[in-house]
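Visitor: I would like to learn how to read a fold. Could you walk me through one?

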Amino acid sequence: MRTILVTGGAGFIGSNYVHYVLEQHPDYRVVVLDKLTYAGNLDNLRDLAGDPRLEFHQGDICDQTTVERLAQGCWAIVNFAAESHVDRSLMDPGDFIRTDIYGVYVLLQAVRKFGVERFVQISTDEVYGSVPHGSSREDDRLAPRNPYSASKAGGELQARAFYESYGVPVLITRSSNNIGPYQYPEKVVPLFITNAIDDQPLPIYGRGTAVRDYIYVKDHCAAIDLVLHQGTPGEAYNVGGGNEVNTVQLATAILDLLGKPHDLMRFVEDRPGHDQRYSLDCSKIQALGWRRQYDFPQALELTVRWYVENQWWWRKLKSGEYLRYYQEQYGRRLAAAQR
C-alpha cells in the first residue's frame, strides 16, 4: 500500500485532492499534515472519518521534526500547504515568506533525506505575473507582482534548485483559479456567492475588468494526480480551465444563478498591483492525456449549488476572525463605493 503525505490536506484544494486519491486509488494510504490555520478545516474531511486509509496530524510544514517523522516511509509528498490569499499578503507578507518558501525547503530536505520518490509542489498561474496578451507557457520567465505570488515563485525556485543540485524528484503544477466545495469565503467566488445569498453587496475591485481563468477543483485534482504518476521530474505543468472571465461577468453569473438583482454589485477601490489578466497554455499536460471535464457554466453552477446546500459549513466561518479581516479589507471601500 503506497503512502502519500498530503500537506495542507484540510484546506480547499488539498481536501478535495484527499477525496480524489481515496476514491481513485483504493490501495493508497493518505497521511494529512495541516496546521489548521483559519483556512484549514477538519469539516472538509468530515465525511472521511473512520476511513482506515486516512490519518490526520495537526502540524506545521516549517517544523522539521514533524515533517521528518511523517515523511519516513512515504512514496510521495504533495504540498498544498501555503498562505494563499493575495489581499492578506498585502496586509502582512511575513507568514507567506515563512510557509511558502521556508516550509517548502523543510519538505524538500525531508524528501532528500528519506528518499521519497515523488514531490509535487502545487503552485499558481500568478507566478507569471499579469499577461496582457497570449498565454503563459511553462518556460516563460516568472514575474510575480505581489507578496503571495512572489512567495509561491520562491517555493518553486527552491524545488527546482533541489532537483538540479541534488536530483530530488520534484514536479510542479501551476493552476488557474480553482472553484468548488470547501473554499474559504474570503476568495472571490465563495465571497460573492455567500454575500449574494444574504443580499449583501459584492465588492468588485476597480471596474471589474480583471480577467481570471476558472477551473473546477475536481479537474485540478485529476491533473495533479496525473502529474504525480506520469509527470517528468524537474518539469512544471500548467493546469487551466480555459475559461477566461472578468469580475463583472463572474458576479453577474452568480447573481443570475441565485436569482438576485445586479445592483448588489459594488465597484470599490482597486487593490495595489492588481494583475489584470492570467492565461495558461495547457498543451503540455494535455499531451499527458488530461482534459477538463467541466466548463465554466457547469463548474460555477455546481459551486453555487454546493454553497446553497451546505450553509452549515460556511456560516460559522463568516464570524470572528473573518469579520475582522472583511472589515479591514472592504469596510472603507464599501462605504465609498458606487453601484
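Guide: Start with S6 and S10, which run parallel and are joined by four bridges. Strands pair if DSSP finds at least two bridges between them. Strands (E, at least two residues) and helices (H or I, at least four) are DSSP runs, numbered from the N terminus. In this pair, Arg174 stands opposite Asn238 in S10.

Visitor: What should I know about the model and its numbering?

Guide: This is a predicted model, where local features need pLDDT of at least 70, side-chain atom pairs count only at pLDDT 80 or more, and totals for chains, interfaces and linings use all residues. Residues are numbered from 1 along each chain as its sequence is written, and side-chain values use heavy atoms, with hydrogens and water left out.

Visitor: In what order do the seven strands of the open sheet come?

Guide: The order is S3-S2-S1-S4-S5-S6-S10, with parallel pairing. Strand S3 (54–58) and strand S10 (236–239) stand at the edges; each has a single partner strand, so one side of each is left without a neighbour in the sheet. From one strand to the next, the twist averages 20°.

Visitor: How many bridges join S5 to S6?

Guide: Six bridges join strand S5 (residues 118–124) to strand S6 (residues 170–175), and the two run parallel. Ile122 stands opposite Thr173 in S6.

Visitor: Which way do the residues of S10 point?

Guide: Ala236 and Asn238 point one way, Tyr237 and Val239 the other way, and all are buried. Buried means under 20% relative accessible area (1.4 Å probe, protein chains only).

Visitor: Which strands does helix H1 lie across?

Guide: First, two rules. Axes are lines fitted to C-alpha atoms, for helices over the stretch in contact, and angles run from 0 to 180 degrees between N-to-C directions. Contact means heavy atoms within 4.5 Å. Helix H1 (residues 12–24) lies across strand S1 (2–7), strand S2 (28–34), S3 and strand S4 (76–79), at about 170° to S2. Helix H5 (residues 147–166) lies across S5, S6 and S10, at about 155° to S5.

Visitor: At what angle do H6 and H8 pack?

Guide: Helix H6 (residues 188–197) and helix H8 (residues 247–258) pack at about 40°, with their axes 10 Å apart. Angles under 35 degrees count as roughly parallel, over 145 as roughly antiparallel, 65 to 115 as roughly perpendicular and the rest as oblique. H6 and H8 are therefore oblique to each other.

Visitor: Which residues of H6 and H8 meet?

Guide: Val188, Val189, Phe192, Ile193, Ala196 and Ile197 in H6 meet Thr247, Leu250, Ala251, Ile254, Leu255 and Leu258 in H8. By class, the contact of H6 with H8 has eleven nonpolar residues, one polar and no charged. Ala, Val, Leu, Ile, Met, Phe, Trp, Tyr, Cys and Pro count as nonpolar, Asp, Glu, Lys and Arg as charged, and the others, Gly among them, as polar.

Visitor: Is Asn79 buried or exposed?

Guide: Asn79 has a relative accessible area of 0%, so Asn79 is buried. Asn79 sits in strand S4. Leaving aside neighbours within four places in sequence, its contacts include Thr7, Ile61, Val104 and Phe119.

Visitor: Where does Ser136 lie?

Guide: Ser136 is in the loop between S5 and H5. Ser136 is buried too, because its relative accessible area is 4%. Beyond neighbours within four places in sequence, Ser136 touches Tyr128, Val131, Asn238, Ser279, Leu280 and Asp281. Asn238 takes us back to the opening pair, where Asn238 stands opposite Arg174.

Definitions and conventions
Buried < 20%, exposed > 50% of the residue type's maximum accessible area, 1.4 Å probe, protein only.
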